[in-house]
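Hi,

Here is the structure I promised to pass on. Have a look at it first, and then read my notes below.

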Amino acid sequence: MVQDLLNATTLASIYVLFALGMSLVWGTIGILNFAHGAIFMFSAFTAYLVTQQIPLGMPAVIAISMTAGAIIAIAMQYLVFQPIMKRAKNAHAGELQLVIGGIGLGAVPISIAQRVTFSNPFGFSAGTFEVQAYNVGDVIITNVMIIILICGLGLGIGTALWIRRSKKGLALRALGVDPEVSSMMGIDRPRLALATMAYSGALAGLAGALLTYYFSSITPESGDTLLLKAFAIIILGGVGSVFGVILGAFVLAFAEFGVLLYTDGSWVTAVSFGLLFLILLVRPQGILGKKEVRRT
Amino acid sequence: MMGWLDQNEFLIGSTLTVFLLAISIQIPLRLGVISFASIGYYAIGGYGTAILMTQHEVSTWTAIVVSTLVAAIVATLLGLIIARLNGLYLAMATVSFSLLLSAIAVNGGSVTGGAVGLYGVIGDVTAWHAAGIALIVILIVSFSERGKIARRFDASREDPQLASAMGINVTMYRRLSFPISGLLGGLAGALAVNLKSAINPESVNFSLIILALTIIIVGGQASWVGALFGSLFFVWLPEILQFVGDWEEVVYGILVVVAAVLIPGGVVGVFNDWRHRREVAKERPSIALKEAAAGETNEVHAQSQAGKDG
């Protein structure tokens, strides 16, 4: 039982890392990034390619993955999302173009990785990192799990506080409320947007590397599954709310583990879609969202 | 000619079913509803037909009609349930509806055949039946693309508030788009399962959403011509360009991105812009001549014209 709770918490921490960047980007600069799953997968994939050549330790692998994620995200923002937003007649038309651009963007890295690995799972087994398991009572915890828990909860809570307390955080929230007025107040929108995308990409890269260590390998398609889960998490918690992401991640991870305990594994994927559909019907603004659904 | 048609009957059939699916997404899109539920309707139509034909020995066309109607009824109910959602929230609700159905298909046991799916659906549907149905659909859809009703569609999409202020019942149009989309999506699935004689969860998952969107975006959102062009292009491209082969998905992805950034109106949009510009360029001298000849009476005429319109 305690073991199950610990496993669910570890999974929730991965979900936090993945969904946090997506939620930030959507809630502040208004881009629902359908390519986020591809960034996640491809940054871990880049680290995998490097470890195949040079056996590296965990810090180096994570650093490579995060850098790759940030670079991919910046390139996407600079080459695709920014031009679409500039050309869009109105916010509504832009929204659809952004979704479609993201879907197209996401397909490219995933199919490249599928081509290179022949759709087989890949991992960092060529690296120098060794998984160690510790017994605490009758609970088994590995060093990977400890690192995931620290990263997920630390970065989740840290980002939430930073958004609330700091001046840059205020600027970001202002962008989410009204981009035009906030740029009149001296906020450099394009630069802040690039920085937010880079941060979100780096978080996706971190999540990718950590999940690969945790499961010991991931498939090129894993990004898509996680993307759909992240929708459920973000909507559950409320768009733009960082604490909402943490709450949503825990609700989803525990619901999935509950389903796993009582049925066989094949229903697990349906949990996130079911939860997403339900919350949209009952409370579209999410559990922690504000009353008004602003981004419609 | 006949030999070529017979050889490529399978490809022609899949072009037409993909076309019907694309139209099923396009009609809500023209009203400003981003709905991916068509994949779900496609699954209902396909699985419904397969279950009726292989497990209950229902005749081909009865099975197709029944499962298409079921898809339309489910679509109507879905439309009523998610009526309060808008924009991206609606898009996500419909994505989760479609994927929920594909999860049910995986877990349906012997009824849906689990991960293997259902096979051996052998009816008497040929690509020519599909062609006839597609032609009827094109005729009906092209009515909605001209005159008053086309302007209503455009207004509801571009500015729903202004449209309702002008007396257009935007809610009614949007709600009506669900059963229509359900009929078309269900029909696409029912025909596809007959032409391919099998259906599995793999064929109704997220990648089908991507394919349908790609077709509409690259072809053009505004007209059935765009959907037809897109279907032809993306079904036949892998056949013609053998060397693309394994890089097919990369090419698709790049094409979608390029289309989304550079030509939001799709290929058809580019063509229409070009034709419009050419016509304007051709008419400009004659308009200038007329204006010069009409002189001052022109202004009076313009005023009376404005009075009539108001």
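To start with one spot: which residues does Pro201(B) touch, leaving out those up to four places away in sequence? They are Ser102(B), Ala105(B), Val106(B), Ala115(B) and Gly117(B). Keep in mind that this is a predicted model.

Pro201(B) sits in the loop between β2 (198-199) and α10 (206-219) of chain B. It counts as buried because 22 other C-beta atoms lie within 10 Å, and the cut-off for that is 20 or more. Gly186(B) is 15 residues away from Pro201(B) along the chain, and their C-alpha atoms are 16 Å apart.

Next, a helix pair in chain B. Helix α3 (residues 38-55) and helix α4 (residues 60-81) of chain B pack at about 145 degrees, with 8 Å between their axes. The crossing of α3(B) with α4(B) is right-handed. On the α3(B) side, the contact includes Tyr41(B), Gly45(B), Gly48(B) and Leu52(B), while α4(B) brings in Ala63(B), Ser67(B) and Val74(B), among others. Sorted by class, this contact has eleven nonpolar and six polar residues, and no charged ones.

Finally, the place where the two chains meet. Chain A puts 35 residues into the contact and chain B 33 residues. On the chain A side, the elements giving two or more residues are α3 (58-87), α4 (91-117), α9 (222-237) and α11 (268-282). The largest share of that side comes from α4(A), with 14 residues. By class, the chain A side divides into 24 nonpolar, eight polar and three charged residues.

Cheers

Notes:
Residues numbered from 1 in each chain as written. Chains lettered and ligands numbered in written order. Predicted model: local features only at pLDDT ≥ 70, side-chain atom pairs only at ≥ 80, totals over all residues. Contact = placed C-beta atoms within 7 Å. Helix = DSSP H or I, 4+ residues; strand = E, 2+ residues; numbered from the N terminus. Nonpolar A, V, L, I, M, F, W, Y, C, P; charged D, E, K, R; others polar. Axes fitted to C-alpha atoms, helices over the stretch in contact; angles between N-to-C directions. Left-handed = near helix turned anticlockwise from the far one by under 90°. Buried ≥ 20, exposed ≤ 12 C-beta atoms within 10 Å, placed from the backbone.
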